[in-house]
Amino acid sequence: MKPQTAVRIFYLGLVVAASLGFAAPLLWMVSTSLKPLEDVGTSRVALVPVHPERTGQYLWENFYEGRPTFVDEQGVERVGYEGVWTSDNVNFPLFLRNTLIVAVLSVSGMVLSSAIVAYGFAKVRWRGRGVFFAICLATMMVPFPAIMVPSYFLFKWFGWIGTLQPLWVPAWFANAFNVFLLRQFYLQIPEELSDAARIDGLSHWGIFWRIILPLARPALAVVAVFHLTYVWNDFLGPLVFLHHQHNFTLALGLQFYMQQHGGTPWNLLMAATTLTVAPLLILFALTQRFFLPGLATSGLKG
Amino acid sequence: MKRTAAHSDARDGVACGLLWISPWLVGFAVFVAVPIVLSGALSFCEFDGIRRPVFIGLEHWRGLFADPLVWKVLRNTAVYAALALPVGTVLGVAMALLLNQPIPGQTLWRSVVFAPSLLPLVAVGIIWTWMFNARFGLINSALALVGISGPTWLNDASWAMPSVVILGLWSIGHTVVVYLAGLQDVPRELYEASHLDGAGPWSRLWHVTLPMISPAMFFNIVVGLIFVWQIFAAPYVMFPGGGPQRNAYFYTMYVYDQAFAYRRFGYACALSWVQLLIILALTAVAFRSSRHWVHYRGA
């Protein structure tokens, strides 16, 4: 064997081992979510289910229908439980609906407003642009916890507390990170295109709408996907601004579910967690190229 | 940057520019500037959210230094940052170097490493609570297989903090992606030149690769510095009440509790101002230090 091949195999072994480490918690989550309660409390390591042939039945019970009280093989009566989706006191379909409402309103506002603001920083030439851009970047450093208390009272004054508005209205006013990302992308679009359009009599708005926006579609998709994951994951915002279960989002609902159950039926908790993260993982699988090196980070260099 | 700052090629009016950036300007004023000023004002007041705020001068700011819990959460957060950032940087760079090798299934391995950093931190906290479960968790079960009886992790005062660090390391995927992008930019000629100079693999790593990805390291460290001070969701679900001996009680959890559990909004504002100042100071230090170790190509 050539020494180079040996090195390759060594690297491959390391990568596979490390990847297994990174994947283990997720595999553990899925495998627990597919177990009946009585198999969760066994002390053997069981990434593989105890009764693989009944996985379909357990999936249905944990995620959807629940299980009635039953008598097991030893003649012991086992208490039944509610499935995650049909649970009476924690309404996951409603949490999903709320999250989707916030996601649609928030993502569309963020993409549109950031696209406009980035044009002002990249393609409109005006005195003071550099200063304002520096201020815009500096606001990335302001942590949400630093403003959550006054924001709460501000939104209360607006009459927004107890509604979903605090979670999506601010998204219509752009965000420094996304503006930065789009500005870097716009700067790569040759100025000659704008000049030619200007000679043809297009205004700034015409250039933005007909030339820059269509060309920037990939970058806009990156912003959309990034912001969608942000909305899906936000916890502190909903925790501070939402007070009623009927407008909880998934992230907040998941924590509420854990609280309700005191953290014991791990198969159900893992089913609820799987339910919350699955849409994100599917989205990632479909839009991988936006996340892995390439387009998404090409704007970050110098 | 140079071109942006130059005034000579200004062609459009200031009003036109301001109009284009007006969504951000308005949003910044209403949702950032006003709350920050309001927070500063409230930090000098006693405010329970119901009665009118009462001006009490510097009382909160003085009380802050005498509050043992402030020192506790400051210490916890600083310890977390001091553990998670260096270990995360080394692990992140190592993973990027590995994933940059031409090996079969590269995209798959990269996806597996990146995916956890996408997940909601509440979900991450719940998954790891189960991973760390003393009796049935995956970690202690795996340790038992090799004859080690694991600690009780989240219920053990000395293992609470390491548990949060381990969970944080699980989510370094997004930094790995930034390092990978940096690695793709290293010009081949540099490696060839160092090869001709007879440099070994270590010397190449130290003198070529690391300096070339130092801008990526700087970016990740600055972002990391800003975010470790905001760590909240995962410890909040894992350690209701801050964990054993409050060893997993972090700064933002304390601000949240003071405001929304004890309704001491004025005090919470003083606390959050301190947090903002710490973040600004650390970012300034990071930028200062960057001159000595961050190498920009062509600079």
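A:R125 comes out buried in this predicted model, at a relative accessible area of 17%; buried here stands for under 20% relative accessible area, exposed for over 50%, and partly exposed for in between, with a 1.4 Å probe and protein chains only. The side chain of A:R125 meets that of A:E191 in a salt bridge, 3.7 Å from N to O, a salt bridge being a side-chain nitrogen of Lys or Arg within 4 Å of a carboxyl oxygen of Asp or Glu. This pair links distant parts of the chain, with A:R125 in the loop between α4 and α5 of chain A and A:E191 in helix α9 of chain A, 66 residues apart. Helices (H or I, at least four residues) and strands (E, at least two) are DSSP runs, numbered from the N terminus. As for A:E191, its 19% relative accessibility counts as buried.

A:E191 has another partner in A:K123, with the closest N and O atoms 3.2 Å apart in that salt bridge. A:E191 lies in helix α9 (residues 191-199) of chain A and A:K123 in the loop between α4 (92-122) and α5 (129-138) of chain A, so this pair ties together parts that are 68 residues apart in sequence. Both A:E191 and A:K123 are buried. Over all chains, the salt bridges number six. A network of them links A:E38, A:E61 and A:R67. In chain B, B:R51 forms a salt bridge with B:D48, and there the closest N and O atoms are 2.7 Å apart. B:R51 is exposed, with a relative accessible area of 61%.

A word on conventions: the model being predicted, local features need pLDDT of at least 70 and side-chain atom pairs count only at pLDDT 80 or more, whereas totals for chains, interfaces and linings use all residues. Residues are numbered from 1 along each chain as its sequence is written, chains are lettered from A and ligands numbered from 1 in the order in which they are written, and side-chain values use heavy atoms, with hydrogens and water left out.

Turning to chain B as a whole, it has 16 helices and two strands. Its C-alpha trace spans about 75 × 75 × 30 Å along the principal axes, and of its 299 residues, 53% count as buried.

Aromatic pairs come next. The whole structure holds 53 of them over all chains, where rings of Phe, Tyr and Trp (its six-membered ring) pair if their centres lie within 6.5 Å, and planes under 30 degrees apart count as stacked, over 60 as edge-to-face and the rest as tilted. The rings of B:Y80 and B:F250 have centres 5.6 Å apart and planes at 75°, so that pair is edge-to-face. These two residues also bring together distant parts of the chain, 170 residues apart: B:Y80 sits in helix α5 (residues 68-99) of chain B, and B:F250 in the loop between α14 (233-238) and α15 (251-261) of chain B. Both B:Y80 and B:F250 are buried. The pair of B:W128 and B:F132, by contrast, is tilted, because the ring centres are 5.4 Å apart and the planes at 45°. B:W128 and B:F132 are buried too. Ring pairs also link residues of chains A and B into a cluster, which includes A:Y152, A:F153, A:F235, B:F47 and B:F232.

A:R183 lies over the face of A:F133, at 4.1 Å from the ring centre. In chain B, the charged end of B:R246 sits over the ring of B:Y249, 5.0 Å from its centre.

B:C16 has as its nearest cysteine sulfur that of A:C136, 17 Å away. B:C16 is partly exposed, at a relative accessible area of 24%. For B:C269, the closest cysteine sulfur is in B:C45 at 9.1 Å, too far for a bond. B:C269 is buried, with a relative accessible area of 0%.

Back in chain A, A:L275 lies in helix α14 (residues 266-291) and counts as partly exposed at 25% relative accessibility. The C-alpha atoms of A:L275 and A:W85 are separated by 9.0 Å, although the two are 190 residues apart along the chain.

Notes: Lys NZ or Arg CZ within 6 Å of the ring centre and 35° of its normal. Disulfide = S-S within 2.5 Å.
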